[in-house]
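This briefing goes through one protein model, topic by topic. Please keep the sequence and the structure at hand while reading.

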Amino acid sequence: MKKSVLTLRRSIVLTVIIGLLVPAILINGYSWFKLYDSEIKNKTIKLAEENAAMIADSISAALWNLDYQDVSTAIDTALSKNNNIVRIEARDNKHTPFAIAAHHDRRVGFTASSNINVYHRGQAAGSLSVEVNSLHLQQVMTEGLAYQALLLAVQTGLSILLILILLERRLVRPLLRLKTSAKQLAERKLDEPFTWKHQDEIGALAQGLENTRIHLRTLFSDLDQKNQELLDDIEKRIRIEKTLHERETRLRLLLEQSPLAIIEWSKNGQIIEWNKAAEQIFGYRREEVLGRNGRFLAPYTQPNFIDTFIQQPDTKNAHSIYDHLTADGRTITCAWRYTTIDESDGNKGRLLTLAENITEKRKASSVQQLLEEQKAEADHALLRLAQGTHGITGKSFFESLVHDLASALRADCAFIGLLQKPDHPTRIHTLSAYLHGNTVDNFEYTISGTPCERTLRGQICVLAIDVQSIFPQYKVLNAQGWDSYAGAPLHDVNGHTIGVLAVMHSSALRNPDLTRSLLQVFSERASAELERKHTEEELRLSEQRFATIFHSTPVPMFVTQVKNNNVIKDINSAFERLFLRSRSSVIGRNTQDLAMYCDPVDRDVLLEKLRTSGETGSHGEIWMYRGDGTKVLIQLSGHIFLLEGEQFGILACQDVTEKRLIENEILDLNTTLEDRVIERTEELQQANQELETTLDALNLAHEELVNNEKLAALGALVAGISHELNTPIGNSLMVASTLSDQTSALTENYRDNHGIKRSTLESYITDVGKAGDILVRNLHRAADMVNSFKQVAIDQTSSQRRPFSLAEVTSEILLTLWPVIRKNGIVVEQDIPDDISFDSYPGPLGQVLTNLINNALLHGFDGKAQGVVVISARNTIDGWVELSIKDDGIGIPAQNLNRIFDPFFTTKLGAGGSGLGLNIVHNIVSGVLGGRVRVQSAIGIGTTFTLTLPLIAPQRNNDDDALHPQT
């Protein structure tokens, strides 16, 4: 059964349906939702108000008399008779809950509440809160929306027809032109760029093909470059090995020039090496002794001494002293050091010996004997160095090297160390350290002011005595008691100094020349070992780098060995994913064994082209089998490269199956799509016109809501200032009434008694002074409030542009908002310099400040009993001021920060929030005032609104526009 395929034609039709249906549903659904939501809310609120008024009338007398039973009975009866009522709560004059009745299971859908005061015979008896649900109203509205859904379905069907007509012109024809460009990419014409003049989706696809072309060209270029880098690494390794060979040659020359006789014997006692020092000591030329048995050197006291050397079970580092007869008949005494060099199979092999003529030295003093012993140790160290360090690497090698050097020179301290940063030599880290006969832990030290600083300049440094006085600032010398120092620099293959090999004694050096010679030999060997380690690390990193690139490239690739019938040596992860074959099942087999080619002839043609030209070039497309038996159309490209003298082939595979399938489907679509797109263009234009009409209606409704929000804010200011004026005016009225009563009493007393007592007059004068002071202060306070309110009211109901002080306008706004601020228990602080003056619109600016402060009071301190709001300003760049309103409230959740300026977005829906306050702020700041607004907030820390405003607002053609900013 053929598997159903989501073809391009079906995909386009499905996309058209989704592209029209989803926006239509969203737009109409949004309109329905707003109509549905607003109608439900308005009617539910009205129903709540009506029920609240009815219930308030029924319980006013009982609530006035504080008759709990009657009040409870009345609200229970109302709750049971009306299924829409969710909760009823009656409070007394002290706002204390008096009676509560509720059915929480009725809390379904939108719930509206109405809070009214209850009066009995004109006197406040308490308050009543009624909550009503919207379940019944929702059922009525749902029936009306079903009819509109039917109309939407008809509109969507017509729109689909129109959009399909457009697809022919804007998709199929451009895809045909794109096919030609894709064909060039398939033929591996990678040098010709793809161009496209339209910046649309097809243009993006063309750009994607261009990026693919660039990527493929870069990939093949990188592969060639990596192959070249690998060859360069191999050449570098050869050069380094050559350098190491040259160093070993120099070391051999040093041994040849040694004053000690160095003789190498076979396991049968035949001489196979004889240096110049041996010729001078024994008098036999090299040509005379090579190949001869060494018994002719036997001392007269022990004629078979050579056999004794060889027959010993372990002759490593052995030593002895024998008398010998030279070629001219003289008797000499020689000190021998000898060791065996094991064969690769572990059996004893050649014998390496060092002989020194000590005839004269045996007659020296005890001091000279000590020097000879030291020299013997040096000979022993050279012997160990000459026999090589096979099987010893890394830390063990350097420990052995330092131990041998310290033993040879009888040093109290010896170490080998490397610079931490060769480009900035300030500290040395030791690789191995030797102190008083034992190996110690590695350490670091700063080279400044030490003897090693001289050594690192590139020459051997030998300080035979009193090194402490030469470097008095280096306290370690004195603390450890070192009296002499000798060090040799270590070099890399380029001759750069990379470290130091040093020895120190607690006494003066007895043989500086021997010390210098041994340091030179040992430093050369240490440098060679360091370079070998560095070379091995570079080769390992190079191989790791190439393997990482090969296995991480997204292009499927495999490597074959040409001479072995093109057996597969390696594949990458992309190859495994494409052909569904594991690495273990492929390595060691060729593509013929794996039966990967649908037509075996294709493999023969490809391999023949590789053998003849070294690369495949623009090879055709080949059908190949995957691991599960399915076929894929593959475009192969590759070339031959040499690695260690052998030919290998690297081939890249590109799966073009899907691309060919898409091209065929595009050709089929091209024959039928154009006619349908043309027929439906007019219907789509009509639908667009209807959408524009709907959008204009929404904009008009939004503007009306913004204006209503402004008037509501001004109404709140009026209510607040009226409430605040009651206090000073009431105080003034009370004082005036009291003063009038005292004046009347004084006048009557004067008329009846025809006189006034002095004490009475003084009391009256005192009371008049106090009353006048109280009247003046309260009337001044009322006048200030009236003036501030007049200015704010004028500013907020007109677009008057005038120069003003930011500090004064802010103070006036805070004064008018003082009743609301004091009621919430929030402290509002002002930190604005007096010298900041604007030529702008104080009314819109005041509305912005009012909205931001009210927003902080309503949302910022929800659940907090106290808090602080700080209003501050500062000059930034010339002509601009940064005004911030910062609170320490609960903060805004991160998911809401990008939506707070959207119209109708509020977290207090039904609880005092309209969702337009911050939208008005954004529109006024960015429109009328010509500035910018941004917000920063963190949960539990607070919120900061920052306004960046010009000191001179942009000029508007009609200042009345300040009251009607465009949304």
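Does glycine 157 count as buried, partly exposed or exposed, and what is its relative accessibility? Glycine 157 counts as partly exposed because its relative accessibility is 32%, and buried would require a value under 20%. The model is a predicted one. The protein has 967 residues, and 43% of them are buried.

**Overall make-up**

- The secondary structure consists of 23 helices and 28 strands.
- The accessible surface is about 52000 Å², and carbon and sulfur atoms account for 53% of it.
- Among contacts with a separation of 6 or more, 61% are between residues 24 or more positions apart.
- The whole structure holds 12 salt bridges.

- Glycine 157 belongs to helix 3, which covers residues 135-186.
- Valine 22 has a relative accessible area of 39%, so it is partly exposed; patch residues must be over 30%.

- Strand 3 (residues 111-120) and strand 4 (residues 123-133) run antiparallel and are joined by 10 bridges.
- Histidine 120 has glutamine 123 of strand 4 as its bridge partner.
- Two residues separate the strands of this hairpin, and arginine 121 in the turn has a positive phi of about 55°.

**Strand 21 and its partners**

- Strand 21 (residues 646-655) pairs with strand 17 (residues 557-561) through five bridges in the antiparallel sense.
- In that pairing, valine 559 is opposite isoleucine 650 of strand 21.
- Strand 20 (residues 631-643) is also antiparallel to strand 21, with 10 bridges between them.
- Phenylalanine 641 is bridged to phenylalanine 648, which lies in strand 21.

**The largest nonpolar core**

- In soluble globular proteins, nonpolar side chains tend to be buried together.
- The largest nonpolar core here has 44 residues, and those touching the most other members are Leu806, Leu852, Leu883, Ile885, Ile900 and Leu947.
- At least two residues of this core come from each of helix 20 (806-816), helix 22 (842-860), strand 25 (867-875), strand 26 (880-887), helix 23 (917-928), strand 27 (932-938) and strand 28 (942-950).
- The biggest contribution is that of helix 22, which gives seven residues.
- Not counting residues up to four places away in sequence, leucine 883 touches Leu806, Ile832, Leu845, Leu849, Ile871, Ser872, Ala873, Phe945, Thr946 and Leu947.

**Salt bridges**

- Side chains of opposite charge can pair when their charged atoms come close.
- Arginine 87 and glutamate 89 form a salt bridge in which the closest N and O atoms are 2.8 Å apart.
- A salt-bridge network links Arg87, Glu89 and Arg91.
- Glutamate 89 has a relative accessible area of 7% and is therefore buried.
- Arginine 285 is salt-bridged to glutamate 288, with 3.2 Å between the closest N and O atoms.
- Glutamate 288 counts as partly exposed because its relative accessibility is 34%.
- Glutamate 608 and arginine 611 form a further salt bridge, the closest N and O atoms being 3.2 Å apart.
- Glutamate 608 is partly exposed, at a relative accessible area of 39%, whereas arginine 611 counts as exposed at 53% relative accessibility.

**Helix 13**

- Valine 521 is placed in helix 13, residues 512-552.
- Valine 521 counts as buried because its relative accessibility is 9%, and the limit for buried is under 20%.
- Valine 521 and alanine 488 are 33 residues apart along the chain, and their C-alpha atoms are separated by 9.7 Å.

How values were computed: Residues numbered from 1 in each chain as written. Predicted model: local features only at pLDDT ≥ 70, side-chain atom pairs only at ≥ 80, totals over all residues. Heavy atoms only, no water. Buried < 20%, exposed > 50% of the residue type's maximum accessible area, 1.4 Å probe, protein only. Pairing = 2+ DSSP bridges. Helix = DSSP H or I, 4+ residues; strand = E, 2+ residues; numbered from the N terminus. Core = buried A, V, L, I, M, F, W, Y, C linked by side-chain atoms within 4.5 Å. Contact = heavy atoms within 4.5 Å. Areas by Shrake-Rupley, 256 points an atom, 1.4 Å probe, with all protein chains shown as cover. Salt bridge = Lys/Arg side-chain N within 4 Å of Asp/Glu carboxyl O.
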